[in-house]
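Biologist: I'm new to reading protein models. Could you walk me through this one?

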Amino acid sequence: MKKMIFLLSSLLFFSFSTADVGLTKEERKLAADFLTDTKNGIRDAIQGLSQAQLTFKPAPDKWSVEDCLKHIAMSEQMLWGMIEASLKNPATPEKRSEVKFKDEQVIKSVEDRSTKAKTFAPLEPVNTPFKSAEEAMASFSKQRDKLIEYVTTTNDDLRDRVNQLPVGVYDSYQMILFIGAHSNRHMQQINEVKADPAFPKK
């Protein structure tokens, strides 16, 4: 009987410990819905565009729709790679104090295109491995679907894995929100390109 009580106690302790480090239902839903909505936003923004429209640049130093897609797809891979790397290391709850942004602030700040920034060389469209908008979109969709599945099912401790970016310190859950907000930022850019007066009619 004592052995049975011990086993039950251990099971209950393990269950509560897992629940403590995992995401709440609300966090899962927020992230999954946000990732899905922003994926659909990219899809809708490029749907039906011709090759001339995909490659049109408002100016020589500006990105085309295709350029934006290549950058988005490569960024998805890089940012997820950072999350994966952090999950391979022990949790660092002592670094939680370094995270200064609330979840909604992460989304708002990344999506805000009033502040422009130059991307890293590996994320420049010309330096990505994608040969076309179709390749980039296929990679983006596949990676995003994997991320949605991950955030829906994982019990990883995302809050106590902290990531340092040039623009701030984020926990790994916020990094997932960052990914969604980043694609939304460039969806806005795509729509700006499409709104240019010289954008091809077909």
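Biologist: Leaving aside neighbours within four places in sequence, which residues is glutamate 76 in contact with?

Modeller: Before we look, a word on the source: this is a predicted model, where local features need pLDDT of at least 70 and side-chain atom pairs count only at pLDDT 80 or more, while totals for chains, interfaces and linings use all residues. Residues are numbered from 1 along each chain as its sequence is written, and side-chain values use heavy atoms, with hydrogens and water left out. Contact means heavy atoms within 4.5 Å. By that rule glutamate 76 meets Phe140, Gln143, Arg144, Ile179 and Ser183.

Biologist: Is glutamate 76 buried or exposed?

Modeller: Buried means under 20% relative accessible area, exposed over 50%, and partly exposed in between, using a 1.4 Å probe and protein chains only. Glutamate 76 has a relative accessible area of 3%, so this residue is buried. Its side chain also makes a polar contact of 2.5 Å with that of arginine 144. A polar contact is a pair of N or O atoms within 3.5 Å; within protein, one must be able to donate a hydrogen and the other to accept it, and residues adjacent in sequence count only if both atoms are side-chain atoms.

Biologist: Which helix holds glutamate 76?

Modeller: Helices (H or I, at least four residues) and strands (E, at least two) are DSSP runs, numbered from the N terminus. Glutamate 76 sits in helix 4, residues 65-87. The whole protein has seven helices and two strands, in the order α-α-α-α-α-α-β-β-α from the N terminus.

Biologist: What about glutamine 189: where does it lie?

Modeller: Glutamine 189 belongs to helix 7. Its relative accessibility is 13%, so glutamine 189 counts as buried too. Not counting residues up to four places away in sequence, glutamine 189 touches Trp63, Cys68 and Arg113.

Biologist: How far apart are glutamine 189 and valine 65 in sequence and in space?

Modeller: They are 124 residues apart in sequence, yet 8.1 Å apart in space, C-alpha to C-alpha. Across the protein, 82% of the contacts with a separation of 6 or more join residues 24 or more positions apart.

Biologist: How much of the protein is buried?

Modeller: Buried residues are 48% of the 202 residues.
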